[in-house]
Amino acid sequence: MRKSLTVAVAGFGLTLAACGGTTPTAAPSPGTPITIGVSVSLTGDFSGDGKALEQGYDLWAQDVNAKGGLLNHKVTMKYVDDASSTQQVVTNYTNLITSDKVDLVFGPFSSLLTIPASTVVDRYGYAFPEPAGGGPSVFNRGLNSIFFVQPASVEDNLVSYTKWLLSLPAGQRPATAAYATQDDPFTQPQVDKAKSLLEAGGITTSYYKVYPAETHDFTALAQQVVNSKADAVILGTQLPDALAFPQAFAQQHYNPKTIIETTGPDQGASFSGPLGANTEGIMVPAGWTPSATAYGNDKFVNEFIAKYGGAAADISADAAEAYSVGQVVDQASARANSIDNGKLISQLHTGTYNTVQGPMSFDATGKPQGGVGVYIEQWQGGQAIFVYPTSVAVKPPEYPKNNWQ
Amino acid sequence: MTALKAAGLVVMFAVALALPALAPDPATTNIAVFTMMYVGLATAWNIMGGYTGYISLGHAGFFGFGSYALGLLLAHFAIAGGYSAFLFVPLAGLLTAVLAAGIGWFALRTRAATFVIVTIAFMFMVQLLAENLVGITGGGRGLSFPVPPWSGGDFNIPYYYAMLALATLGLAISWRIRFSKFGLGLLAIRDDEDKALAVGVPTRAFKLTAFIVSATLVGMIGAVYGYYVTYIYPQFVVDPLIGISMVLMVFLGGLGTLSGPILGAVILEPAQLWLAYHFGASRLYLVLYASVFLLVILLLPRGIIPSVSELITRWRAGAGDSKGAAGGAADPLPKAISP
Amino acid sequence: MTRILEAAVLGILTGGVYALMASGLTLIFGVMRIINVGHGALVILGAYLSFAVWHNLGLDPFLTLVITMPVMFGLGVVLQTIFIRPLKTDREALSVLVTYAIALGIEGLLGYFFTSNYVRLRTWYDTASFPVGSFYITYVYVFGFVLCLAILGGLFWMLYRTRFGGAIRATMLNRTAAQLIGVDVDRVSAIAFGIGMATAAAGGVVFGMTNAFNPGSHYDLISRLLTIIVLGGLGSLRGAVIAALVMLVTEDVTSAVTSPVWASFAFFVVLVLVLLVRPQGLYGVRVRDRL
């Protein structure tokens, strides 16, 4: 008992020793280098996306340092892995802010992780510009320090698609639609909204299913969609199911006239690698595509390829979203002439910001608004290109889509 | 209990109580909350696994259930964030007890390896229910807890004390059981269940009681956890990793001992958080963690406390007895000795 | 009605893969009395090894087995000797922890070498399928099923028709008695573990062809494999095969009849129901102090 007591007390002592002092919140003096802390998912379910975020953030840091830094402060990025876990993301942001004393923080991947992280970040008065947390629950917690850096609030992601479908002449329009979505805070709101819009427009629902996010075997679900023989298939997916469904459809020789997935097809090589030629015709709502002409995008694409290799089609949208976060903070700090978090928060609620995803501004809860909305991207011949609206389309949409092998 | 042991206990408890004053830095109190959480979890698990020998790998199911129970209670009664929310934790524990009674009745019909796997199966059933009963639990969209208005630096402190209270409760119960007839019955079940039954120990009732007590504590700790992270999802709160961690901590410290679980938790949890924070980015953190794991198990299969006690006993016997090592060869009772 | 039939066929085809994976797991339990919770990770390791060979040498995934099965066998023997043989006390509980640590280590290494992007073993005949009524059966599933049958057949043949198989069965029945009649139980254990790993490699190939996977995929797998071997009766190969088929068919039929959402749940419900009536599983043996 004695021995264990000693060790136990020593254990407490160790934790004591590992701590630091109190947390200052004063902004750094001009010219000094600063650190920006981020929790990224480098392992676990979101690791593919996490890696893309890291690449985007790094590229931005490189660019901003090349022009002298953020308001003349050279930027160093500090990454920690949250293993796609909510417990770790809370610990990470706590440590980054209070122990590593980073000057600024950027957001992690997914609404799932952004929600718990946002309460922690807000508690310490830090601004939380984030690239990937856009589900409705992100914004209804009464925090004013979150800023979702994407062109539109998530539940509107499929609105462009519904507009396009309903704009087709009556003879060509799909008569029936099948909907299947994860009950994920990101995917489900979009699919539900699309369903109500399409039903109002006269397209019958032949199948609707919400399945748990933890599902790992999608064959049975895909079979049910196939059995519905719908003309249009609208899927609320993350990357794993975005890969599984088209695969199963091809095996069952099922070729819907049109198919759209909420995310997955915008992940570049992670999507085209496992599917090969069967990416043909699959659509995805996208605020960004490598060939878009938004602010600084061609520079971003060229630099990305120079730094990380691969082709333009391999770049994941996550990287562009991360890069946009940096751009927004860069412009906000220039306007506020400060990198103090409180000032940044007030600044970010006003004005319009230019990013590689286009222009955007943020309302009181941090939702993006006034952006040009989300476009439709489609895979044609191994490339993902904008096809709608015509103002940005590189080619017209392929409809009905070409058959898979 | 000797005066020395009592003094030691008081000192340890005083340090634990004073920790937030000694180290108010939120990064440290955050680690302290999670560490104290695992102290409680390990102690609670030990009541079942250590005393009866029935290894449950499904305790994470109770952890998650407690979390959801509290979240739903707080939502149902429209409790705002603050101190009053903690009053509902025992209620969440009560609900967990009911679940444990049901699961225990099924699971305890099996033994040894089958029991282990059945507990795993029940854990996944709880997770599946949390995911699929979307109307109640919110499914994959998660469940929100009310957020207390406490400010940044002090936010963690009430949670730390809540965890400390639960850990102390668990330890007190474990101690009470250990030195009672009930505890003796449990140890008899561990050593040879059929003989215990033959001698008249009501094995089924005892096993079920230990299971329920263990699960209730775990459920309450889970409830406080959910409140601390303010937002829970099925796959993160019914998490096999939590279940395995508490088992590993007990094994590290010493299965069936009183201070073993505490020691295991105090060593492993800060180490895990530290490793994850500093090495997670290089992806080799898992390999490092696994290596530590393996080293512990292969070198100290009986855990630190029993191994160290044995060493001390042998050393004492060797030093005090002129005949040397022979005196120390009288092995202490397997595992069940020094708390 | 056709939907139920379709589901049943799919269940049998995928059941074959699970039967193969589960047979390795139950063999390991039977010989060594340990619960290898790392078996899922070993299957994924096999899948990645095949992926590496397929990616770099361009071999058809099925052919990669010629390389991966012996490699995994050897690895299994090594792992057993280093990490599992030293466990003397508290075997069952400690083995869970040790094999879990091995699984974590494998997950970390795979993540390091292959990153966490999802991959799949692709072939040119991936989506080829033949129609049966209104339903298409994919060739890949059929080939995988045939492979599993072949390997299982080989396993059974070895166990019941060779001397070494006799040694394995003797060790499974009663370790001490086997030692007394001259069986080298340590060697038998190591080889049995190796065989378990080799079957995991084969299961990994078929799994990797029909599912996208990444290093974290082993958690889902192991929960189902453990459930299957308990249902079948720990240590019974016949039980594992039948349980796998029963489970997968139940799951797929439930999914077709009610909803995919509750299909996984049905899996566990079947287990609970069977254990209510027969706590030792379908083919398990009820031994007084060891179950």
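Predicted model: local features only at pLDDT ≥ 70, side-chain atom pairs only at ≥ 80, totals over all residues.

Is Gln251(A) buried or exposed? Because 25 C-beta neighbours lie inside 10 Å of it, Gln251(A) counts as buried, the cut-off for that class being 20 or more. When residues up to four places away in sequence are left out, Gln251(A) touches Thr127(C), Ser129(C), Tyr136(C) and Thr138(C). Within its own chain, Gln251(A) stands 181 residues along from Leu70(A), and the C-alpha atoms of these two residues are separated by 52 Å.

Turning to the layout of chain A, the domain assignment gives domain 1, made of 31–154 + 296–369, and domain 2, made of 156–286 + 374–388. The C-alpha centres of domain 1 and domain 2 of chain A lie 28 Å apart, and the contact between them takes 18 residues from domain 1 and 17 residues from domain 2. On the domain 1 side of this contact, the elements that give two or more residues are α4 (110–123) and α5 (136–139) of chain A, and it is α4(A) that gives the most, with three residues. Sorted by class, that side of domain 1 of chain A has eight nonpolar, nine polar and one charged residues.

Helix α4 of chain A also holds Ser110(A), a residue that is not a glycine and yet has a positive phi, of about 80°. Ser110(A) counts as buried because it has 26 C-beta neighbours inside 10 Å. A second residue other than glycine with a positive phi is Leu71(A), where the value is near 55°, and Leu71(A) is found in the loop of chain A between α2 (47–66) and β2 (75–81). Here the surroundings give another class: Leu71(A) has 17 C-beta neighbours inside 10 Å, and therefore counts as partly exposed.

The next feature of chain A is an open sheet of seven strands, in which the order is β7-β6-β8-β9-β10-β14-β15 and the pairing is mixed. Its edge strands are β7 (204–211) and β15 (383–388) of chain A, each of which pairs on one side only, and from one strand to the next the twist averages 25°. Which sense of pairing joins β10 and β14 of chain A? Strand β10(A), residues 282–286, and strand β14(A), residues 375–380, pair in the antiparallel sense over four bridges, and in this part of the sheet Val284(A) stands opposite Glu377(A) of β14(A). Helix α7 of chain A, residues 187–200, lies across β6 (176–182), β7 and β8 (232–236) of chain A, and runs at about 165° to β6(A).

In the segment after β15 of chain A one finds Pro389(A), which is joined to Tyr388(A) by a cis peptide bond with omega of about -5°. Pro400(A) likewise has its place in the segment after β15 of chain A, and the bond that joins Tyr399(A) and Pro400(A) is also a cis peptide bond, with omega of about -10°.

Taken along the principal axes, the C-alpha atoms of chain C fill a box of roughly 60 × 50 × 35 Å. Of its 291 residues, 58% count as buried, and among the contacts in chain C with a separation of 6 or more, 78% are accounted for by residues 24 or more positions apart.

Finally, chain C also meets chain B, with 38 residues of chain B in contact with 41 residues of chain C. On the chain B side, α5 (112–132), α12 (240–253) and α14 (285–299) each supply at least two residues, and the largest share, twelve residues, comes from α5(B). The residues on this side of chain B divide into 29 nonpolar, four polar and five charged.

Notes
Residues numbered from 1 in each chain as written. Chains lettered and ligands numbered in written order. Pairing = 2+ DSSP bridges. Axes fitted to C-alpha atoms, helices over the stretch in contact; angles between N-to-C directions. Contact = placed C-beta atoms within 7 Å. Buried ≥ 20, exposed ≤ 12 C-beta atoms within 10 Å, placed from the backbone. Nonpolar A, V, L, I, M, F, W, Y, C, P; charged D, E, K, R; others polar. Domains from an automatic or database assignment.
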